[in-house]
Amino acid sequence: MSRILITTDYLRPGDEADRHLRGHGHTTVHAPMTGRRDSEALVAALAGVDAALVAHEPLTAEVLARAPGLRAVVRTGVGYDSIDIAAAGALGITVSNLPGVNANAVAEYTLGLLLVEARGLVRSARGVAAGSWPREDGHELRGATLGLIGYGAAARAVVPLARAFGMDVLCTTGVPGTERTDPAVRFLPLPELLAAADYVSVHTALTDRTRGLLGASAFARMKPTAVLINTARGAIVDEPALAEAVRTGRIAGAALDVVCEEPLPADSPLRDVEGVLVYSHLAGQTAEARRAAGVAAAEEAVAALEGRPRFPVNTRFLRNR
């Protein structure tokens, strides 16, 4: 019988994921973590634990080294940039994610942000709340060009929704040509996509290659009427450069569901920039996606503890403990 820590804040004792783990003979320990995760609190929570279901906790090499019993970590989502997968592998810890588990939720949310930006809905609601009655023209999505950066599950789920609104869809991606089979998408290098798109939506993973990918030079290539949408990872965008680009009219605006530091710090360069809207990392947060993620994470934890993980992301680093 293994002891499994659950830090993802929407998973609760007695829910479907908890019942699945207990049904397989494991003991569960819930320690929900929100806001800025403290490494010492995380180390304390990992004491005596065999596996962990985690959200965005910073599982650094130091933290992992202080969890000698840990054998498996499962991210209850897709991105795993908060986990040092190489250090985990060197310690014999399997790290898994759940590819595509919230793709539909993220895709629908992306279209929501596009509509909010195109029609100026936040500006309108704020004006009414302040006592005015704003009646500025918005724009239709039909006929506009959407540029997708990345072609994972969420980006692919965006395509039919955008096409249903009559948008042209471009994409820049590193996936092999054999996977670029959707006739509704035109694949272009990033510079060409940035120059052509009315809306640029980020769906790529955070890696050394994509960190700071969208900075001053990228914004200089975009249309002055273009809007940036980011539901992927905050660090893909150079935030000071983005704030400057919007403030000076280099681009029209940005809707960000993710930022470099969450929650958004009081001194963030993004604060008080007219045209930049920051949301609280909600893209994948639907009741349906959360349920699917919880169940899938529980199933993955059981499989990993039995030595048969389905979605390991650090196989190349693993050694036997």
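Predicted model: local features only at pLDDT ≥ 70, side-chain atom pairs only at ≥ 80, totals over all residues.
Guide: Residues are numbered from 1 along each chain as its sequence is written, and side-chain values use heavy atoms, with hydrogens and water left out.

Visitor: Why is helix 1 called roughly parallel to helix 11?
Guide: The axes of helix 1 (residues 16-23) and helix 11 (residues 287-305) come within 8 Å and cross at roughly 15°. Angles under 35 degrees count as roughly parallel, over 145 as roughly antiparallel, 65 to 115 as roughly perpendicular and the rest as oblique. Helix 1 is therefore roughly parallel to helix 11.

Visitor: What makes helix 5 and helix 7 oblique to each other?
Guide: Helix 5 and helix 7 (residues 153-164) pack at about 50°, with axes 8 Å apart; the pair is therefore oblique.

Visitor: How do you know which residues of helix 5 meet helix 7?
Guide: Contact means heavy atoms within 4.5 Å. Ala103, Val106, Ala107, Glu108, Thr110 and Leu111 in helix 5 meet residues of helix 7, among them Ala157 and Leu161. By class, this contact of helix 5 with helix 7 has 10 nonpolar, one polar and one charged residues.

Visitor: Which residues lie nearest the centre of the second largest pocket?
Guide: Of its 27 lining residues, Glu117, Arg123, Val227, Ala252 and Gly253 lie nearest the centre. Helix 5 (103-119), helix 6 (121-129) and strand 12 (276-278) each give two or more residues to that lining.

Technical notes. Axes fitted to C-alpha atoms, helices over the stretch in contact; angles between N-to-C directions. Helix = DSSP H or I, 4+ residues; strand = E, 2+ residues; numbered from the N terminus. 1 Å grid on protein atoms, 1.4 Å probe; cavity = no way out; pocket = protein on both sides within 12 Å on 5 of 7 lines; lining within 4 Å. Nonpolar A, V, L, I, M, F, W, Y, C, P; charged D, E, K, R; others polar.
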